Amino acid sequence: MRESRGRLAAAQTDDAEASPGLDRLCPAFCGLDQLPWALQAQRMDSADKVFVAPHGIPVARGTTGPSPAAGRGAGPPLPVPCANPPAGIVGVVREDGRVFDGIDDIDWVRLGHAYGSAGDVPGLLHALRSPDEEERHAAFGALYANIFHQGTRYEASAYAVPFLLELLADPATPDRELVLYLVTVLAVGHDARWLPQGVPVVELRRAADGGRELLAAKPPPWHGDDETRKEYVEYTYMESLDEADQQRLWAYIELTVYDAVRAGVPLLRDLLTDVEPGLRTGAAYALAWFPQDAAGSIPALVAAAEAAMEVHEGEAATALVAAGLLGAAPDAGLLADPRPVIRWAAAIGRARVLGVDADEATVDALLAWTAAAEPGNRPATGGAEVPFLDGDLNGYAGLSLRLLGPRHTDRALDALLDRLCVAVGEQALPVAAEVLRLAFPDGRLPAGVAGAALAARQRRLVEVLTRSPGAWLIDGVSFGNFASLVGDYGLPRSREAMLAYLDAPAA
């Protein structure tokens with residue numbers, strides 16, 4: 001093995017600002033695509049697409065939980081959190097190997113999840129160890145929908161995490177890759193929210209200040225067998241709070257779940273040497289989101305990247321990117337590696353650590369990956385996959401361009417527009433988000449600005465949008481998420497309206 005492979009130069013970095021979130025379907029880890037679930041699309045309406053995701057529950061494209069069409073009865077727009085936390089919620093992994101000790105000591109019915117009382121959670125956790133595969137997968141789907149509904153976490157989510165970590169630590173647990181995936185998304189939600197900088201923990205803790213008291217003041221959820229008598233006490237409480245307090249409450253709930261998963265970081269490091277490559281890759285991906293533990297995780301990730309370099313390219317690339325998110329830059333020699341996914345990972349990791357001081361080779365690599373257009377709009381990586389951003393290597397490269405600073409703005413805009421011309425569906429979201437940010441640095445257009453009055457960069461973007469029908473569609477159906485993203489900048493929400501806007505004469 002070449003000496004430069006896998007070498008990382010550590011660099012201390014501060015918490016970065018969180019990037020704007022994109023609602024996406026979170027991917028399964030490498031290897032989970034072999035699980036026996038079909039992705040079956042069904043037409044719902046012209047604005048969206050609903051399909052059966054890996055957890056077996058109908059969800060809308062761009063989300064990760066049950067769509068209204070999948071519902072469990074009518075009611076106010078839940079989810080809302082539930083209350084009465086203990087003195088602290090800390091995830092633990094038992095040294096004696098026992099699983100579920102203490103689960104019956106928790107008053108689950110007083111905790112809440114997306115559908116009200118969390119009294120069903122203990123049974124679902126137990127079902128994850130069932131010898132029956134169908135029962136296990138049904139339990140996973142239910143947990144994915146109720147303690148991680150469309151990316152939202154709840155009080156019950158934090159209480160479930162220690163038991164999920166125990167399951168993950170036990171080699172006898174079936175489908176441990178599924179458990180690891182659930183633990184990871186519970187910790188950080190959709191990773192597009194944090195890329196390309198990583199999780200800004202200091203900012204999260206500041207945002208959660210005061211949330212504990214707000215949560216403790218809320219009554220427990222309604223529970224009972226007669227749904228016709230259901231009372232939406234959580235919704236009523238949330239409606240009584242102003243927007244700032246709602247944000248504090250949600251931030252506190254997310255933080256408790258994040259910290260509960262963080263207690264499992266030592267376990268995640270151990271999984272980097274597991275016999276199963278899917279677990280090793282998933283563990284590397286999970287470690288990327290805990291910068292406060294970087295001092296211990298970086299050496300483990302360096303070793304994992306070196307061990308996987310010659311045997312599992314996707315695993316090695318995942319470890320390289322994870323180390324970069326924690327502040328360790330891959331060696332520049334990897335930019336010339338013969339394997340595309342290793343070159344990509346090196347550029348991503350180096351851009352994250354070096355930022356505006358990135359060398360030209362790193363910059364050139366990111367620009368090339370951003371603009372690339374391959375058959376099927378997926379890069380030629382020899383089958384190697386990484387979990388970040390649902391494996392969208394081009395999109396992640398495009399997001400990383402912002403790290404390079406204003407010196408490369410013109411080249412970044414060119415690359416992003418080239419990619420937007422060929423990106424389809426979800427692949428178009430991160431590209432469009434970045435190019436809109438560059439073309440509209442002041443945010444949303446004021447009302448009444450005509451197409452003829454747009455600045456040069458803005459008009460160029462609009463022209464590309466009119467020539468890029470694939471970006472507006474997902475599986476041949478109008479993509480509501482893309483239309484909303486464009487509309488948020490004051491632009492027309494359809495390609496046809498965009499054409500008319502561009503051709504309209506100035507007032």
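This is a predicted model: local features need pLDDT of at least 70, side-chain atom pairs count only at pLDDT 80 or more; totals for chains, interfaces and linings use all residues.
Let's start with helix α8, which covers residues 243-262. How far does α8 reach from its first C-alpha to its last? The span of this 20-residue helix is 28 Å, close to the 28 Å expected at 1.5 Å a residue.

The buried residues of α8 include Leu 249, Trp 250, Tyr 252, Ile 253, Leu 255, Val 257 and Tyr 258. Glu 254 and Thr 256 are also among the buried residues of α8. What covers them? Part of the cover comes from α3 (155-169), α4 (176-188) and α5 (201-207), and α6 (211-216), α7 (233-240) and α9 (265-271) are included too.

## Two helices side by side

Now turn to helix α17 (residues 428-439) and helix α19 (residues 480-487), whose axes come within 10 Å and cross at roughly 5 degrees. Angles under 35 degrees count as roughly parallel, so α17 is roughly parallel to α19.

Which residues make the contact? From α17 come Ala 428, Leu 429, Ala 432, Ala 433 and Leu 436, while α19 brings Asn 481, Phe 482, Leu 485 and Val 486. Sorted by type, the residues of this contact are eight nonpolar, one polar and no charged.

## A serine in a loop

Finally, look for Ser 468 in the loop between α18 (456-466) and β8 (473-474). Is Ser 468 buried or exposed? With a relative accessible area of 0%, Ser 468 is buried. Leaving aside neighbours within four places in sequence, Ser 468 is in contact with Leu 420, Cys 421 and Arg 495.

How values were computed: Residues are numbered from 1 along each chain as its sequence is written. Side-chain values use heavy atoms; hydrogens and water are left out. Axes are lines fitted to C-alpha atoms, for helices over the stretch in contact, and angles run from 0 to 180 degrees between N-to-C directions. Helices (H or I, at least four residues) and strands (E, at least two) are DSSP runs, numbered from the N terminus. Angles under 35 degrees count as roughly parallel, over 145 as roughly antiparallel, 65 to 115 as roughly perpendicular and the rest as oblique. Contact means heavy atoms within 4.5 Å. Ala, Val, Leu, Ile, Met, Phe, Trp, Tyr, Cys and Pro count as nonpolar, Asp, Glu, Lys and Arg as charged, and the others, Gly among them, as polar. The expected span of a helix is 1.5 Å times one less than its number of residues. Buried means under 20% relative accessible area, exposed over 50%, partly exposed in between (1.4 Å probe, protein chains only).
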